[in-house]
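Please look through the structure below with the following paragraphs at hand.

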Amino acid sequence: LKANARAFAAALSATEPLDAALRHVIAQGTEILLANTQAIDAAAADAAGLPDPEFVHQARVALRRMRSAIRLLRRYSAFPAPLKDELKWIGSVLGAARDADVLVTQTLPHLGESLAPASARRLPPLARAAQQQRRSAHAAMKIALASTRFAALSLALLAWSAEPPDDASPALRKRAPRLLDRAQQRLAEAARFFAALTPTRRHEVRILAKRLRYALDLFAVALPARPTEAYGERLAALQDLLGALNDGEVARTAIAALGADPALRRAVGRQLAVRERDLLREAEAALAALQAAPRPWAR
């Protein structure tokens, strides 16, 4: 079940009180989370005996959208602090499984295709070690999903989302400009001199870009359709570039952690450095274009 913008915001209106909007996001997010996590056991397994990574991915996106909305609307809706902590917990569990999936199914195969044959022949032992880590991450995830802790979290989320909302909270359209402006300014400030930033700072920029994208999706019902769609497409393109940069850094760390020999680490480093230069240039251009683009929430 896709955790896309339509799934979360299609039923909202511009006059929706912010408290009611957050309860709707939590209800939808919990439904998507449960649908995907419950499908994991029933999904057809791959050669390693593990399910299609898309189930974990969509569950994790649902969690991110929920947590982003909670952060965005914290002044207008009293979401329980203990539930925030529990969402962070299950998010970290799913995140470990997702990172392991990406490494095995995407990163290492792509490296094998791009490296020189002599270096590529050194990858299979690392791939086997990564696959074992993936199995361990999935085993830990299944234990967490079958726990009373996760069951209690799911019920608490559904119960909170079903409580009567505070209809006196401001409407989506009233607060959209202020909250989107704030999210955009945070992204712009963090992304200054982007190519000179450390990988950690670039990752922070990626997180802020996601938060702006999720906020735009939430407030889209209160904004003009075509400009919002165009701005969203720019954000999506930027996210792809920032994600590719992050994948490269994760690959460097993972290759070292898996015990790659120095020669292979140097070969991977050279390959990733070439790709990184191109991505940095493209990301800076995308950031500049986003900064110059008309903002659909501007009054």
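**A buried residue and its contacts**

Apart from neighbours within four places in sequence, I255 is in contact with L108, L111, L123, L126, A260, R265 and V268. The model shown here is a predicted one. I255 is part of helix α10, which covers residues 225-257. With a relative accessible area of 2%, I255 is buried, because buried means under 20%. One of its contacts is L108. I255 and L108 are 147 residues apart along the chain, while their C-alpha atoms are separated by 9.1 Å.

Next come the spaces in the model. How many cavities of 30 Å³ or more are there? The count is 1. The volume of the largest cavity is about 110 Å³. It is lined by 13 residues, and those closest to its centre are F8, V25, R65, Y214 and L218. Helices α1 (5-9), α3 (53-72) and α9 (199-219) each supply at least two residues of this lining. The most comes from α9, which gives 5 residues. By class, the lining of the largest cavity has 9 nonpolar, 1 polar and 3 charged residues.

The largest pocket holds about 1,300 Å³ of space. Of the 39 residues that line the largest pocket, R60, R64, R206, K210 and Y214 lie nearest its centre. Here α3, α4 (81-114), α9 and α10 each supply at least two lining residues. The lining of the largest pocket divides into 11 nonpolar, 13 polar and 15 charged residues.

Charged side chains also pair with one another. In the whole structure, 16 salt bridges are found. One of them joins R149 and E86, with 2.8 Å from N to O. This pair links distant parts of the chain, since R149 is in helix α7 (residues 148-162) and E86 is in helix α4, 63 residues apart. R149 is partly exposed, at a relative accessible area of 39%.

E204 is partly exposed at 38% relative accessible area, and R201 is partly exposed at 40%.

Another salt bridge joins E276 and R202, with the closest N and O atoms 3.1 Å apart. E276 lies in helix α11 (residues 262-292) and R202 in helix α9, so this pair ties together parts that are 74 residues apart in sequence. R202 counts as buried, with 8% relative accessibility. R202 and E276 also belong to a network of salt bridges that includes E249 and R252.

Methods
Residues are numbered from 1 along each chain as its sequence is written. This is a predicted model: local features need pLDDT of at least 70, side-chain atom pairs count only at pLDDT 80 or more; totals for chains, interfaces and linings use all residues. Side-chain values use heavy atoms; hydrogens and water are left out. On a 1 Å grid over the protein atoms alone, a cavity is a set of points where a 1.4 Å probe fits but cannot get out, and a pocket is an open set with protein on both sides within 12 Å along at least five of seven lines; lining residues have an atom within 4 Å of a point. Grid points are joined across faces, edges and corners, and a volume is the space filled by probe spheres set on the points. Helices (H or I, at least four residues) and strands (E, at least two) are DSSP runs, numbered from the N terminus. Ala, Val, Leu, Ile, Met, Phe, Trp, Tyr, Cys and Pro count as nonpolar, Asp, Glu, Lys and Arg as charged, and the others, Gly among them, as polar. Buried means under 20% relative accessible area, exposed over 50%, partly exposed in between (1.4 Å probe, protein chains only). Contact means heavy atoms within 4.5 Å. A salt bridge is a side-chain nitrogen of Lys or Arg within 4 Å of a carboxyl oxygen of Asp or Glu.
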